[in-house]
Amino acid sequence: MAGIQEHASIDMAGVKGLWPLRFEGSETDNVLVLAFVGETRLLRLAGEEVEETEISGFKCDERTLYCSNVNNNQILQVDSGTKTDRKSVVEGKRVDLGGRR
């Protein structure tokens, strides 16, 4: 049977965005990025377990507007920050890609 099959569900109110990521060399998506109005949470999928996690350089104290994997195991995060609005997590360090000042 083709299509989407539900393997798990989590009740979380107020989610404004959701993105899957491949982290630490995984060949499949193993982190879910959940954006809320004033924060971002990261959930790591480990087998049948789901646990909140952290990624060095990832900004969780603001809402994420977009997130994805890019080349060379890098993660792109666009957040709602007031100084800049485009940032990338590169090997655990934040890189300012320009934006609003």
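**Close-up 1. Glu-24, an exposed residue in a loop.** With a relative accessible area of 61%, Glu-24 counts as exposed. Keep in mind, for this view and the others, that the model is predicted. Glu-24 sits in the loop between β1 and β2. Its backbone deserves a look too: phi is positive, at about 55 degrees, although Glu-24 is not a glycine. Most residues other than glycine have a negative phi.

**Close-up 2. β1 alongside β2.** Strand β2 spans residues 31–35 and pairs with β1 in the antiparallel sense. Five bridges join the two strands.

**Close-up 3. Leu-42, a buried residue in strand β3.** Leu-42 belongs to β3, made of residues 40–46. Its relative accessible area is 1%, so Leu-42 falls under the 20% cut-off and is buried. Which residues surround it, leaving aside neighbours within four places in sequence? Leu-42 is in contact with Val-31, Leu-32 and Val-33, and also with Glu-51, Glu-52, Thr-53, Glu-54, Ile-55, Phe-58 and Cys-60. For one of these, Ile-55, a distance is handy: its C-alpha atom is separated by 8.1 Å from that of Leu-42, with the two residues 13 apart along the chain.

Notes: Residues numbered from 1 in each chain as written. Predicted model: local features only at pLDDT ≥ 70, side-chain atom pairs only at ≥ 80, totals over all residues. Heavy atoms only, no water. Pairing = 2+ DSSP bridges. Helix = DSSP H or I, 4+ residues; strand = E, 2+ residues; numbered from the N terminus. Buried < 20%, exposed > 50% of the residue type's maximum accessible area, 1.4 Å probe, protein only. Contact = heavy atoms within 4.5 Å.
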